[in-house]
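Have the sequence and the model side by side.

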Amino acid sequence: MTRKDELTQALIGYLMEHGLADLSLRPLAAGVGTSARLLVYHFGSKEGLLAEVLGAMHSHVRASLTTLLDTPSVPGGARPPLRRLWDWAVADANYPYLAMLYELQILAARQPATYAPHLRQDAALTLAAALEAMSPPLRSAPMATLCVAVFDGLFLELMSTGDRERTTAALDRFIDLATATPSTEPGGTPP
């Protein structure tokens, strides 16, 4: 592992703990035990540092998500794909990474020139992954978009309230509604 790689990992840890808002090189450097000059040497600029760190975070999330999607469901006891994704997202190993990426989305809405370039591929990749995970009767771009939006909203709710039980129950209810067939719609009557 190179010194730049070590710094990248330290920076990820620091940013997951302190967030992206009000990011400044001097406090960031002090937080990881180095100097702002050394960070500029390795990353070129604050923007270069941000690109490198966020790229490493995206790679980690993609690799972990690929492992999840490549792991076959257990027959008979399988959870729906959206619930498997939720369980993966809220796991201790993944939650801090996803929370940071959601924070990035919020910052991109306020400062698009600074943060939006780091998100350009995310929407297309997320939609493609959602479509791939959906069963054929539900597989459509609008339904995948709806599932992603519900997931995003519930994850943001979890981040802001910490109420894992309620947000998980809400996701389960959405899955029930989304997968209900006409004969099993809520209320037990056909449409």
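What follows is a walk along the first helix and its contacts. The model is predicted.

Start with helix H1, residues 3-18. H1 has 16 residues. From its first C-alpha to its last, the helix reaches 22 Å. That is close to the 22 Å expected at 1.5 Å a residue.

Now turn to the buried side chains. In H1 the buried residues are Leu7, Thr8, Leu11, Ile12, Tyr14 and Leu15. These residues pack against four helices: H2 (25-31), H3 (36-43), H4 (46-70) and H6 (95-110). Two of these partners are described below.

Take H6 next. H1 and H6 pack at an angle of about 70°, and their axes lie 9 Å apart. That angle makes H1 roughly perpendicular to H6, because the range for this class is 65 to 115 degrees. On the H1 side, the contact involves Ile12, Leu15 and Met16. They meet Pro96, Tyr97 and Met100 in H6. By class, this contact has six nonpolar residues, with no polar and no charged ones.

H1 packs against H3 at an angle of about 115°, with axes 10 Å apart. The crossing of these two helices, H1 and H3, is left-handed. Arg3, Lys4, Leu7, Thr8 and Leu11 come from H1. Their partners in H3 are Leu38, Leu39, His42 and Phe43. The contact of H1 with H3 divides into five nonpolar, two polar and two charged residues.

Key:
Residues are numbered from 1 along each chain as its sequence is written. This is a predicted model: local features need pLDDT of at least 70, side-chain atom pairs count only at pLDDT 80 or more; totals for chains, interfaces and linings use all residues. Side-chain values use heavy atoms; hydrogens and water are left out. The expected span of a helix is 1.5 Å times one less than its number of residues. Buried means under 20% relative accessible area, exposed over 50%, partly exposed in between (1.4 Å probe, protein chains only). Contact means heavy atoms within 4.5 Å. Axes are lines fitted to C-alpha atoms, for helices over the stretch in contact, and angles run from 0 to 180 degrees between N-to-C directions. Angles under 35 degrees count as roughly parallel, over 145 as roughly antiparallel, 65 to 115 as roughly perpendicular and the rest as oblique. Ala, Val, Leu, Ile, Met, Phe, Trp, Tyr, Cys and Pro count as nonpolar, Asp, Glu, Lys and Arg as charged, and the others, Gly among them, as polar. A crossing is left-handed if the near helix is turned anticlockwise from the far one by less than a right angle, and right-handed if clockwise.
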